[in-house]
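Trainee: Let's go through this model together. I'll ask, you answer.

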Amino acid sequence: MHELFAGIPVKDFDVALEWYKRFFGKEPAFFPHKTEAVWGLAEGRYAYIVQDNEKAGHALVSFFVDDLTSFIASLSGQSISPLKDESFPNDVRKLTYADPDANEFGICGIGGGS
């Protein structure tokens, strides 16, 4: 596999778009149509939101970041707080966040304090 597109269904595209701009810390890379927005996360890796009322709230996505402490701080600065904070024996820490539709995101990294 060379490319990854992870889709996240949302109910209210405009509300979700504003939340995800804060979550990813940037504007979308492009808009395939009026109710879909795509963010480039790394080369060949993308996450997108798309309005889909039936599927909204059922996404489970995990990201592994290089600098967990900075990522947590950036989310906190955007008033995005974790639902759960877990630490594992191998020094991996996972914080779980939820968007306005209750889609869940695990943000993982090494260390990062607790």
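Trainee: Which residues does Phe23 touch, leaving aside its neighbours within four places in sequence?

Mentor: First, the ground rules: this is a predicted model, where local features need pLDDT of at least 70, side-chain atom pairs count only at pLDDT 80 or more, and totals for chains, interfaces and linings use all residues. Residues are numbered from 1 along each chain as its sequence is written, and side-chain values use heavy atoms, without hydrogens and water. Contact means heavy atoms within 4.5 Å. By that rule, Phe23 is in contact with Phe63, Phe71, Leu75, Ile80, Tyr97, Phe105 and Ile107.

Trainee: Which members of the largest nonpolar core touch the most other members?

Mentor: A nonpolar core is a set of buried Ala, Val, Leu, Ile, Met, Phe, Trp, Tyr and Cys residues joined through side-chain atoms within 4.5 Å. Buried means under 20% relative accessible area, exposed over 50%, and partly exposed in between, with a 1.4 Å probe and protein chains only. The largest core has 25 residues, and those touching the most other members are Ile8, Tyr20, Phe23, Ile49, Tyr97 and Phe105.

Trainee: Which element gives the most to this core?

Mentor: Helices (H or I, at least four residues) and strands (E, at least two) are DSSP runs, numbered from the N terminus. Suppliers of at least two core residues each include strand S1 (4–10), strand S4 (45–51), helix H2 (68–77) and helix H1 (13–24). The most, 7 residues, comes from H1.

Trainee: Which residues of H1 are buried?

Mentor: In soluble globular proteins, nonpolar side chains tend to be buried together. In H1 the buried residues are Phe13, Ala16, Leu17, Trp19, Tyr20, Phe23 and Phe24.

Trainee: Which residue caps the N-terminal end of H1?

Mentor: Look for a polar contact: a pair of N or O atoms within 3.5 Å; within protein, one must be able to donate a hydrogen and the other to accept it, and residues adjacent in sequence count only if both atoms are side-chain atoms. Here a side-chain oxygen lies 3.1 Å from the backbone nitrogen of Asp14. The capping residue is Asp12.

Trainee: What is the strand order of the open sheet that contains S8?

Mentor: Two strands pair if DSSP finds at least two bridges between them. This sheet has 4 strands and mixed pairing. The order is S5-S8-S7-S6.

Trainee: Which strands are at the edges there?

Mentor: An edge strand pairs on one side only. In this sheet, S7 and S8 run antiparallel, joined by 7 bridges. The edge strands are S5 and S6.

Trainee: At what angle does H1 run to S8?

Mentor: Axes are lines fitted to C-alpha atoms, for helices over the stretch in contact, and angles run from 0 to 180 degrees between N-to-C directions. H1 lies across S5, S7 and S8. Its angle to S8 is about 5 degrees.

Trainee: What order do the strands take in the open sheet with S1?

Mentor: Again there are 4 strands, with mixed pairing. The edge strands are S1 and S2 (30–33). H1 packs on this sheet too, touching S1, S2, S3 and S4. The order is S1-S4-S3-S2.

Trainee: How many bridges pair S6 with S7?

Mentor: S6 covers residues 84–87, and S7 covers residues 92–98. They form a hairpin with 4 residues between them. The pairing is antiparallel, over 4 bridges.

Trainee: Which side chain makes a polar contact with that of Arg93?

Mentor: Arg93 lies in strand S7. Arg93 counts as buried because its relative accessible area is 7%. The contact is 2.5 Å, and the partner is Asp85.

Trainee: Is Asp91 buried, exposed or partly exposed?

Mentor: Asp91 sits in the loop between S6 and S7. Its phi is positive, about 70 degrees, although Asp91 is not a glycine. With a relative accessible area of 45%, Asp91 is partly exposed.

Trainee: And Ser79, buried or exposed?

Mentor: Ser79 is in the loop between H2 and S6. Ser79 also has a positive phi, about 60 degrees, without being a glycine. At 63% relative accessibility, Ser79 is exposed.

Trainee: How far apart in space are Pro9 and Lys55?

Mentor: Pro9 lies in strand S1, and at 12% relative accessibility Pro9 counts as buried. Among the contacts of Pro9 are Val50, Lys55 and Asn103. Pro9 and Lys55 are 46 residues apart in sequence, yet their C-alpha separation is 5.8 Å.
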